[in-house]
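Dear colleague,

Please find below the structure that I am handing over to you. My notes on what was found in it follow directly after.

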Amino acid sequence: MRSARRASHLAMRMKGVLTLAIQNSPKSFSVQEMIAAKKQKKGPSSSIEKIVPFLLLLTAIVSVLTTLGIVFTLIVETFTFFGRIPLQEFLTAQKWYPFSETQGSYGILPLVSGTLKVTLIAAIVAVPIGLASAIFLSEYASDRTRRIIKPILEVLAGIPTIVYGFFALTFVTPILREIIPTLEIFNALSPGIVIGIMITPMIASLSEDSMSSVPNSMREGALALGSTKFEVSLKVVLPAAVSGVVASIVLAISRAIGETMIVAVAGGSTPNLNWDITSSIQTMTAYIVQVSQGDAGYGTTIYYSIYAVGFTLFVFTLIMNLLAQFIARRFREEY
Amino acid sequence: MTATIEKQKVLEKQGDNKSSKQPKDIVYKTSELNLWYGEIQALKNIDLDIYEKEVTAIIGPSGCGKSTYIKTLNRMIELVPGVKTSGEIAYRGRNIFDKSYGVEELRTKVGMVFQKPNPFPKSIYENVAYGPKIHGIRAKKILDEIVEKSLRGAAIWDEVKDRLNQNAYGLSGGQQQRLCIARCLAIEPDVILMDEPTSALDPISTLKVEELVQELKEEFSIIIVTHNMQQAARISDKTAFFLNGEVVEFAETDKIFSTPSDKRTEDYITGRFG
């Protein structure tokens with residue numbers, strides 16, 4: 001009774017809005033007809049449907065164009081640089097003395113060695129700690145522990161790098177100098193360790209994601225064969241998640257290669273081609289900072305050199321990404 | 001007069017038993033087993049004796065506790081948070097709930113095949129070799145032999161012998177399940193638990209797995225949970241009917257399906273519910 005009254009009330013209220021079809025049969029009305037009526041009235045909704053994909057494409061193009069623009073600028077300015085300094089000298093010369101008036105030497109190797117030293121130390125610190133934390137979080141930690149620890153890790157990843165830089169210079173370096181008395185104030189070891197600390201959460205968090213997405217049925221299968229929890233983690237879960245784990249490590253190492261503030265603050269500005277981690281270094285990024293701070297005028301060889309160095313850096317990260325894709329595909333365990 | 005005939009009958013019966021088969025040992029003796037998920041009781045006072053080298057089927061409607069029970073037998077149930085148990089399950093005379101009983105030790109003796117095929121995302125070879133490897137068998141020659149023997153045992157060798165190094169996920173569902181059985185055979189367990197092993201398979205694959213179970217019972221004791229009553233009737237020697245966490249009836253399969261002694265069993269197997 002009541003629902004019938006409500007229906008007729010509703011119909012009466014709609015009458016004003018609705019078209020002829022309903023006026024002809026005042027007792028009942030068809031939803032399909034109402035939809036048709038609405039559609040006739042509302043023209044613009046269909047044109048919105050047509051515009052939206054176009055707008056979305058436009059925004060996607062913005063980022064693609066920006067990337068292309070950056071690469072283009074890099075290449076053009078790099079070519080200008082190689083017009084003045086032969087590529088062979090750039091790749092093989094052992095010294096990087098761009099500021100010397102009389103005997104300027106542009107050999108990229110000392111800067112590359114600085115970057116590699118720091119990156120290697122960072123990887124040695126971050127990969128084991130990051131993976132161990134990922135295994136703990138994904139396989140051993142209770143839900144509660146994970147819910148507490150993971151956000152903290154992610155906060156660690158959000159600390160500005162300049163803070164890490166001063167942490168390296170004013171906290172880590174003095175401690176290291178207690179242990180290794182020959183350590184210089186600016187060195188490769190301290191920023192390397194601190195970059196390692198910085199990228200650890202990245203490896204831990206991303207690896208944990210890919211390890212927790214390994215289906216439980218696989219853990220059960222392994223446990224039912226009498227495996228211990230550790231064997232399950234190491235021999236079943238980790239291999240099954242390897243593509244995600246490798247991707248996280250490579251992403252983190254790319255970040256270490258491109259890291260700027262920490263090495264600029266704590267690494268020094270002495271490009272040297274050696275494997276000594278206790279003395280002052282200069283990385284590719286730190287060199288770009290040094291020049292950008294105003295030591296060189298527009299159009300000088302030094303000015304163009306930062307593009308060449310930037311391009312080298314770009315090649316490095318590109319290689320890392322390709323390597324990651326290759327490794328992930330090669331060792332992928334599909335499930 | 002009658003007494004002597006009775007006596008003779010008894011004697012004959014004993015003689016029969018002796019000549020046909022020697023008495024089988026009990027593998028699993030469950031006494032007064034109760035199990036709770038938090039506050040909900042899933043198993044109530046279960047008493048079951050499971051004999052070796054037989055196929056014991058566990059049937060019952062969904063939610064009756066049959067999967068819970070089979071997972072308790074190798075303590076996989078402990079992976080579910082909040083599970084509590086009381087009572088005793090003796091495997092070969094030793095209570096599996098004893099603190100001193102290592103769960104890995106138990107699971108090395110008691111293999112399990114799951115509802116959905118769950119091979120590792122590794123090669124076919126590595127899947128089978130996984131068990132022996134974690135238990136310390138490393139020699140390549142021995143592993144090769146184990147892999148072949150297990151795959152033959154699971155009636156899948158001919159289908160996969162030319163692609164042992166390919167990923168197991170390239171196999172069909174039925175092949176994957178037989179691979180999982182091979183993986184289980186590789187550590188030569190004493191008991192094989194099967195938790196609805198054919199529920200995700202097509203009829204032909206199901207048939208193959210059923211035939212396999214018949215062969216395997218020569219060497220292994222098999223406990224199989226199944227949703228499918230015809231399957232239980234086809235392949236098992238004994239059948240236990242579970243309902244609402246209790247064992248309603250446990251007897252020879254022939255008896256359960258021809259002359260069940262409990263009304264509820266009869267209703268279930270004749271399809272009146274469940």
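What is the volume of the largest pocket? The volume is about 660 Å³. Please bear in mind throughout that this is a predicted model.

The pocket

The lining of the largest pocket is made up of 27 residues. Which helices each supply at least two residues of the lining? In chain A they are α6 (109-140), α7 (143-156), α10 (216-223) and α11 (229-240), and in chain B α3 (103-109). The largest share comes from α10(A), with 4 residues. Sorted by class, the lining has 11 nonpolar, 11 charged and 5 polar residues.

The open sheet of chain B

In chain B, 4 strands make an open sheet whose order is β2-β1-β4-β5, with antiparallel pairing. The edges are formed by β2 (40-51) and β5 (94-95) of chain B, each of which pairs on one side only. In general, the strands of a sheet are paired through backbone hydrogen bonds, in a parallel or an antiparallel manner. Within this sheet, strand β1 (residues 26-37) of chain B runs antiparallel to strand β4 (residues 83-91) of chain B, and 8 bridges join the two.

Salt bridges

Over all chains, the structure holds 25 salt bridges. Two of those in chain B involve the loop between β2 and β3, and I describe them together.

In one of them, B:Lys24 is paired with B:Glu54, and the closest N and O atoms are 3.7 Å apart. B:Lys24 lies in the loop between α1 (2-20) and β1 of chain B, whereas B:Glu54 lies in the loop between β2 and β3 (55-59) of chain B, so this pair ties together parts that are 30 residues apart in sequence. The relative accessibility of B:Lys24 is 31%, which places it in the partly exposed class; B:Glu54, at 10%, counts as buried.

In the other, the side chains of B:Arg92 and B:Glu52 meet at 3.0 Å, N to O. Because B:Arg92 lies in the loop between β4 and β5 of chain B and B:Glu52 in the loop between β2 and β3 of chain B, the contact ties together parts that are 40 residues apart in sequence. B:Glu52 is buried, with a relative accessibility of 18%, while B:Arg92 is partly exposed at 34%.

A further salt bridge of chain B joins B:Asp158 to B:Lys161, with 3.7 Å between the closest N and O atoms. Here B:Asp158 counts as exposed at 57% relative accessibility, and B:Lys161 counts as partly exposed at 38%. In chain A, salt bridges that share partners link A:Asp143, A:Arg146, A:Lys150, A:Glu208 and A:Asp209 into one network.

Backbone angles

Most residues other than glycine have a negative phi. Which residues have a positive phi although they are not glycine? B:Arg92 is one of them, with a phi of about 50 degrees; this is the residue that also forms the salt bridge with B:Glu52. B:Asn244 is another, with a phi near 50 degrees. B:Asn244 is found in the loop between β9 and β10 (246-252) of chain B and counts as exposed, at 53% relative accessibility.

Is B:Ser236 buried or exposed? B:Ser236 counts as buried, because its relative accessibility of 9% is under the 20% limit. The residue lies in the loop between α9 (229-235) and β9 (238-243) of chain B. Its side chain reaches the backbone oxygen of B:Ala232 at 2.6 Å. The side chain of B:Ser236 is also joined to that of B:Thr239, through a polar contact of 3.2 Å.

With kind regards

Methods: Residues numbered from 1 in each chain as written. Chains lettered and ligands numbered in written order. Predicted model: local features only at pLDDT ≥ 70, side-chain atom pairs only at ≥ 80, totals over all residues. Heavy atoms only, no water. Pairing = 2+ DSSP bridges. Salt bridge = Lys/Arg side-chain N within 4 Å of Asp/Glu carboxyl O. Buried < 20%, exposed > 50% of the residue type's maximum accessible area, 1.4 Å probe, protein only. 1 Å grid on protein atoms, 1.4 Å probe; cavity = no way out; pocket = protein on both sides within 12 Å on 5 of 7 lines; lining within 4 Å. Points joined across faces, edges and corners; volume = space filled by probe spheres on them. Nonpolar A, V, L, I, M, F, W, Y, C, P; charged D, E, K, R; others polar. Polar contact = N/O pair within 3.5 Å; in protein donor to acceptor, adjacent residues only side chain to side chain.
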